[in-house]
Amino acid sequence: MGVVLNIENGKREPASIKDLIDLTAADMGRVNELILSKAGSDVEMIPEVANHLISSGGKRLRPMLTLAAAQMFGYSGEGHVKLATSVEFMHTATLLHDDVVDESGMRRGKKTARMIWGNQASVLVGDFLLGQAFRMMVDVGSLEALDILSSAASIIAEGEVMQLAAAKNLDTTEDEHFAVIKAKTAALFSAAAEVGPVIALATRNDRAALRSYGMNLGLAFQLIDDALDYGGSSQELGKNVGDDFREGKVTLPVILAYRRGTKAERTFWKRAIEDNVTDDAGLEKAIGLMTRHGAIADTIGRARHFGEIARDALAPLEATPQKSALIDVIDFCISRVN
């Protein structure tokens, strides 16, 4: 269920991250080997749970950002592979924890780990992956990179708690929602992009450029996910369309539709989100109200705005294949709504 989102005028080449994939292919091969090695344990359940999610077909976008950003500034050591693996482990750990908090049943077209092994195992294996991530950060020997990624881990956890506190609260403002997604999603994108130039000993301005790029890319990425939950496909989302609605999540399309709605429409939203009356008919009505009030289109508009900030952050940097590939990532993330 959903509506087809296509807000482009005229024809253009479909956005792709092929150049990023090609540029980082050799390093990603080493990252994937390290992932399998570091997800191993004598405790049988740990690799079972970890590999269930690790092998389920995610794009591994965040570690590719780390690799490309390190390459961009001429880094030639081994540390970027370990940091990229750390970034992916942090992301995987947050997904395991998220699915428990959100009581999610599906992830990337498969049953979530919590549905197979239970909540306790999902949380504890997530903790194991975080521990392995920090061990690899220490191995790299860059105190600054360790500081950036460990700070991101704390911020992500704060974002989870912020989201939990705001759960089902229709009085959540747009600014409050941005604070949540900045912490939950954008902080890791930002850290993943920044640690590359850090270990390449790039200038302070270059590091700041990649940090800003990652932060704004992450905001755009999450806002497109917010929109896709009401107008995408399960394949694009990696979960069931309408899951945010069924879980009573107050995302930006909900915030905008609720604030712009009539008294009767707000009663509908309160019943759906606060009282958890979220059947298929309710989802269809929610999409209709969002369409009527421009909530989905405006969410995409906000994403485009952050995408432009990410693009501008890279503008002063020297032209390289990696810079071009990182710009392509912005277009790819936003083009998912077409």
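A nonpolar core, as the term is used here, is a set of buried Ala, Val, Leu, Ile, Met, Phe, Trp, Tyr and Cys residues joined through side-chain atoms within 4.5 Å. Keep in mind that this is a predicted model. Its largest nonpolar core holds 100 residues, and among these Tyr213 and Trp269 touch the most other members. The element that gives the most to this core is helix α9 (residues 204–231), with 13 residues.

Next, turn to a helix pair. Two packed helices are described by the angle between their axes and the distance between the axes. For helix α3 (residues 61–72) and helix α4 (residues 79–102), the axes come within 8 Å and cross at roughly 155 degrees. Angles over 145 degrees count as roughly antiparallel, so that is how α3 and α4 run relative to each other. The crossing of α3 past α4 is right-handed. On the α3 side, the contact is made by Arg62, Pro63, Thr66, Leu67 and Ala70, while α4 brings His80, Val81, Leu83, Ala84, Val87, Glu88 and His91. Sorted by class, this contact has seven nonpolar, three polar and two charged residues.

Finally, have a look at Met136, in helix α6 (residues 119–140). Is Met136 buried or exposed? Its relative accessible area is 1%, so Met136 is buried. Leaving aside neighbours within four places in sequence, Met136 is in contact with Leu34, Lys38, Lys82, Thr85, Ser86 and Phe89.

Conventions: Residues numbered from 1 in each chain as written. Predicted model: local features only at pLDDT ≥ 70, side-chain atom pairs only at ≥ 80, totals over all residues. Heavy atoms only, no water. Buried < 20%, exposed > 50% of the residue type's maximum accessible area, 1.4 Å probe, protein only. Helix = DSSP H or I, 4+ residues; strand = E, 2+ residues; numbered from the N terminus. Axes fitted to C-alpha atoms, helices over the stretch in contact; angles between N-to-C directions. Parallel < 35°, antiparallel > 145°, perpendicular 65-115°, else oblique. Left-handed = near helix turned anticlockwise from the far one by under 90°. Contact = heavy atoms within 4.5 Å. Nonpolar A, V, L, I, M, F, W, Y, C, P; charged D, E, K, R; others polar.
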